[in-house]
2 protein chains.
Amino acid sequence: MPRQVDRSARLETVRDAVVEIATQEGFAAVTIRRVAAHAGASTSVVTHYVSSREELLRIAVRGEVAARRAQAEAAVEGRTGAPAVRALVEWAVLGPGDDGHRFWLALVVGAQTEPVLRQELDGFNRWWGALLARCSAQMAPPPADPAALADALDVVVDGLVLAGFEERAAWPVSRRRRVLDALLVPLGL
Amino acid sequence: MPRQVDRSARLETVRDAVVEIATQEGFAAVTIRRVAAHAGASTSVVTHYVSSREELLRIAVRGEVAARRAQAEAAVEGRTGAPAVRALVEWAVLGPGDDGHRFWLALVVGAQTEPVLRQELDGFNRWWGALLARCSAQMAPPPADPAALADALDVVVDGLVLAGFEERAAWPVSRRRRVLDALLVPLGL
């Protein structure tokens, strides 16, 4: 009698394999063959769940991005205005950890050449921009130029992601917090 | 009679090929075979000049990094203190252009797994840190915490590099300048 394999557990294993390979080596290294080997399955098992490499990437990235959204929403819960904006930025900088940031870097780099990654990245950024705009509109006083504030905050977040990889060792939390204070306090955060 | 090929012109073509492939597809895509094809030469021509892929990467990155250093030095020439620091940051953000930033992103990502890239990146960053420290020490008043200022500036530069790739279109200069003003003016720059 064939062993029953739980469909959702199997899919999760496949998704995890995509995320792990992309995080370590970039999305160009993600192939159905590599994912199957990483997940300890045959390629036909993988293609039983997804019809193409593109669908494989979409499912994996969408799952990862949904998890990030849930974390970000939890970080702002119960806060409004400046404390909500600050909590959101702190979550983006301190929450996902080194592997989370490495995955993000891989996603932004991959989106330059892979339309499916671009689409998922755009979707996340639209959601992020809307949440940030909603929280910053509640600031007292409200920002004079909300778009300029949003750009500055995105630069601070992306800067802490990329600068964290410039050196051999990742930046400790205290070092990241010092930069956040230096750049965010003058913005009223 | 064999055609005379100028050695330095040949080497430059090979170096350019490495930089172009790395910029477009990342350093993992740089192989002696790909570089030869890109440069319109045979692999034996490439291996006549470099003994290994590692040496190929080192020569190409070192040449590119030396060009950046010369541009940065030209940007600060004749300036001291805050105007020198601001000129340096503006050069890093506005000088290299999209392909320059794409190359930088590829270098930082590649340095996570390729020791030769890590070595060249470390060398550039030591030089950059020393130049920034020298200019910021001349600020009036001098920064209370020079290391904290250096971290904040590195985050601003890296943030503008990475954020520039989050959307489908690159950020125009005016948008980058607006972020620089919002984040640097409070730092006395």
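Mentor: We begin with pLDDT, the predictor's confidence in each residue, from 0 to 100. This is a predicted model, in which local features need pLDDT of at least 70, side-chain atom pairs count only at pLDDT 80 or more, and totals for chains, interfaces and linings use all residues. Residues are numbered from 1 along each chain as its sequence is written, chains are lettered from A and ligands numbered from 1 in the order written, and side-chain values use heavy atoms, without hydrogens and water.

Trainee: What is the mean pLDDT of chain A, and how many of its residues reach 70 or more?

Mentor: The mean for chain A is 94, and 97% of its residues reach 70 or more. The model itself scores ipTM 0.94 and pTM 0.95.

Trainee: How many helices and strands does chain A have?

Mentor: Helices (H or I, at least four residues) and strands (E, at least two) are DSSP runs, numbered from the N terminus. By that rule chain A has 9 helices and 0 strands.

Trainee: What makes residues of chain B count as being in contact with chain A, and how many do?

Mentor: Contact means heavy atoms within 4.5 Å. On this criterion 38 residues of chain B are in contact with 38 residues of chain A. The copies meet through the same surface, because 100% of the interface residues of chain B are also interface residues in chain A.

Trainee: Why is the pair Asp122(A) and Arg168(B) called a salt bridge?

Mentor: The term requires a side-chain nitrogen of Lys or Arg within 4 Å of a carboxyl oxygen of Asp or Glu. The closest N and O atoms of Asp122(A) and Arg168(B) are 2.6 Å apart, so the pair qualifies. Arg175(B) and Asp151(A) also form a salt bridge, at 2.6 Å from N to O. That pair crosses between chains, from helix 9 of chain B to helix 8 (residues 146-163) of chain A.

Trainee: Which elements give two or more residues to the side of chain B that touches chain A?

Mentor: They are helix 6 (97-111), helix 7 (115-137), helix 8 (146-163) and helix 9 (173-184) of chain B. Helix 8 of chain B gives the most, with 12 residues.

Trainee: How do you know that a two-fold axis relates the chains?

Mentor: Copies are superposed by least squares on the C-alpha atoms of residues with pLDDT of at least 70 in both. Chain B can be laid on chain A with an RMSD of 0.0 Å by a turn of 180 degrees and a shift of 0.0 Å along the axis. That is the relation of a two-fold axis. Gly159(B) comes closest to this rotation axis among the residues of chain B, at 1.6 Å (C-alpha).

Trainee: What is the peptide bond from Ala140(A) to Pro141(A), cis or trans?

Mentor: The bond is cis, with omega near -5 degrees. Pro141(A) lies in the loop between helix 7 (115-137) and helix 8 of chain A. In chain B, the peptide bond from Ala140(B) to Pro141(B) is cis, with omega near -5 degrees.
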